[in-house]
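Here are a few friendly notes to read alongside the model. Keep the 3D view open and look for each residue as you go.

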Amino acid sequence: MPIAINGSGSITGISAGGLPDGCVTADDLASGVGGKVLQVKSATKTNTATTSSATFGDIADLTVTLVTPQSGSKVLVSCDLMIGSEDNNYAAFKIFRDSTAIGVSSQATGSMTNASFGVGLRGSFQYRTQSVGYHILDTHGANGSTNVTYKLQWAGVYQSKAVYINKPHQTDNDTYTIYGTSTITAIEVAA
């Protein structure tokens, strides 16, 4: 079927894949239509790290920066972590937008820990790792003129027991030792 432009401005005769690659850009899409992905940033941690501190600290290599997010856009932040630990332990995690913790519980009192998410590592856990995922949609209030950084912090919250990222506590049995990788991804979506 030949391509035809009729008097009402519609085009007929174009089949799927009929336009050359790159001829339609994000700027060509209708404005005011939400859900358009504006940028994606991801970081992967392939090495290991350990903490036995109940004080939250940065997880090296799990930081991403969005370049001048648009005013009013939203950011889907996803974390997928491979966690190991000593037996009967707990790990807590916080996601930060710049210096502000996001998605943090407001219910903890006394010596309880406020966190974005956490995991209980119960039983004979020292030879195992566990995958932990968390996702949050952040309305960051960016003004379109500054970069926005997302990062992860962690703490071990039980009797100073060690928590590991990307490895188990015990690594003396190679047959059953599973190492892994951990990621953080930020996807900016137009409002």
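This is a predicted model: local features need pLDDT of at least 70, side-chain atom pairs count only at pLDDT 80 or more; totals for chains, interfaces and linings use all residues.

1. Next, look at how the chain meets itself. Take the contacts between residues at least 6 apart in sequence: 80% of them join residues at least 24 apart.

2. How much of the protein is buried? Of its 191 residues, 35% are buried. The protein exposes about 10500 Å², and carbon and sulfur atoms supply 49% of that area.

3. Now find Ile11, which sits in strand β2 (residues 11-12). Leaving aside residues up to four places away in sequence, Ile11 touches Ile3, Ala4 and Ile5.

4. Asp98 lies in the loop between β7 (89-97) and β8 (100-102). Its phi is near 55 degrees, a positive value in a residue other than glycine. Asp98 has 38% relative accessibility and therefore counts as partly exposed.

5. Finally, turn to Asn166, in the loop between β12 (163-165) and β13 (182-189). Asn166 is not a glycine, yet it has a positive phi of about 75 degrees. Is Asn166 buried or exposed? Its relative accessibility is 0%, so Asn166 counts as buried, since the cut-off for buried is under 20%.

How values were computed. Residues are numbered from 1 along each chain as its sequence is written. Side-chain values use heavy atoms; hydrogens and water are left out. Buried means under 20% relative accessible area, exposed over 50%, partly exposed in between (1.4 Å probe, protein chains only). Contact means heavy atoms within 4.5 Å. Accessible areas come from the Shrake-Rupley method with a 1.4 Å probe; for residues, only the protein chains shown count as cover. Helices (H or I, at least four residues) and strands (E, at least two) are DSSP runs, numbered from the N terminus.
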